[in-house]
Amino acid sequence: MTFLAEIVKYTISGIMIFFAAWYFIKPLLVQNLNFQRVELRKASIQHTLPLRLQAYERSVLFIERINPSNLFIRLQSPGMTAIQLHQLVLAEIRAEYQHNISQQIYVSDVSWTVVKRIKDETIGIVSSALNSLPDEAIAMDLSKSVLTHLANLESENPYDVALSLIKRDIQNLF
């Protein structure tokens, strides 16, 4: 019986010492774990921040490149018909989009939605303008029609709105 009492006494003492040590060591372990998390996050940010900024930069460049005022200047050539320009514009927009599609990994969902929406709206505006023109229209007619439509919008220029949304998203990174 004494032997059993000794075992119980030492077991209870050991358990109390373990919990006392755990009580004092646990905050140190938690602090160390939190420090490691902060360091890991900092290292991750140092590695991914340049990639994210580059993705936002490419998104802004995409929006600027598909803006009809820039797009028509770059693509239009003398003697081109409206249909030819329309096909070239659609091919250019789709190629630019495919070139930048991987950037969605690094930008926010809001920014990527803006990029997709502005692409779709641009295609819609150019296609709508072509449908409103006669079959024998020249490229200049299509350009004028699209630019007039954009100038007559009651709201702000959608390209400026998209750029400001993306810039706001970039500012949220910092």
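Predicted model: local features only at pLDDT ≥ 70, side-chain atom pairs only at ≥ 80, totals over all residues.

Reader: Okay, let's start with H6. How many residues does it have, and what span does it reach?

Author: Helix H6 runs over residues 158-173, which is 16 residues, and it reaches 23 Å from its first C-alpha to its last, close to the 22 Å expected at 1.5 Å a residue.

Reader: And which residues of H6 are buried?

Author: The buried residues of H6 are Pro158, Tyr159, Ala162, Leu163, Ile166 and Asp169. They cover an arc of only 135° around the axis, so they sit on the same side of H6. On the other side of H6, Gln171 and Asn172 are exposed.

Reader: What covers that buried side?

Author: The cover over the buried residues of H6 includes helix H1 (2-66), helix H2 (68-75), helix H4 (109-131) and helix H5 (139-151).

Reader: What caps the N-terminal end of H6?

Author: That is Asn157, which has a side-chain oxygen 2.9 Å from the backbone nitrogen of Tyr159.

Reader: Switching to the core, which residues touch the most other members?

Author: The largest nonpolar core has 35 residues, and within it Ile63, Leu85, Val89, Leu142 and Val146 touch the most other members. The elements that give two or more residues to this core are H1, H2, helix H3 (82-100), H4, H5 and H6, and the largest share, 9 residues, comes from H4.

Reader: What does Val146 touch, then?

Author: Not counting residues up to four places away in sequence, Val146 touches Pro68, Phe72, Ile125, Val126 and Ala129. Two of those names come back in H2, where Pro68, Leu71, Phe72 and Leu75 are buried. What covers them includes H1, H3, H4, H5 and H6.

Reader: I also noticed Ser59; is it buried or exposed?

Author: Ser59, which is found in helix H1, is buried, because its relative accessible area is 4% and the cut-off for buried is under 20%. Leaving aside its neighbours within four places in sequence, Ser59 is in contact with Val107, Val115 and Ile166, and Ile166 is also one of the buried residues of H6.

Reader: New topic: how many salt bridges does a search of the whole structure find?

Author: The search finds 6 salt bridges. One of them joins the side chains of Glu6 and Lys9, at 3.4 Å from N to O. Glu6 and Lys9 are about one helical turn apart, because they are 3 residues apart in helix H1. Glu6 is partly exposed at 30% relative accessible area, and Lys9 also counts as partly exposed, at 45%.

Reader: Which salt bridges does Glu92 make with arginines?

Author: The side chains of Arg65 and Glu92 meet in a salt bridge at 3.4 Å, N to O, and this pair links distant parts of the chain, with Arg65 in helix H1 and Glu92 in helix H3, 27 residues apart. Glu92 also meets Arg74 in a salt bridge at 3.3 Å, N to O, and here the link is between helix H3 and helix H2, with the two residues 18 apart. Salt bridges that share partners join Arg65, Arg74, Glu92 and Glu96 into one network.

Reader: And how accessible are Arg65, Glu92 and Arg74?

Author: Glu92 counts as buried at 18% relative accessibility, whereas Arg65 is partly exposed at 27% and Arg74 is partly exposed at 33%.

Conventions
Residues numbered from 1 in each chain as written. Heavy atoms only, no water. Helix = DSSP H or I, 4+ residues; strand = E, 2+ residues; numbered from the N terminus. Expected span 1.5 Å × (residues − 1). Buried < 20%, exposed > 50% of the residue type's maximum accessible area, 1.4 Å probe, protein only. Arc of directions from axis to C-beta. Contact = heavy atoms within 4.5 Å. Polar contact = N/O pair within 3.5 Å; in protein donor to acceptor, adjacent residues only side chain to side chain. Core = buried A, V, L, I, M, F, W, Y, C linked by side-chain atoms within 4.5 Å. Salt bridge = Lys/Arg side-chain N within 4 Å of Asp/Glu carboxyl O.
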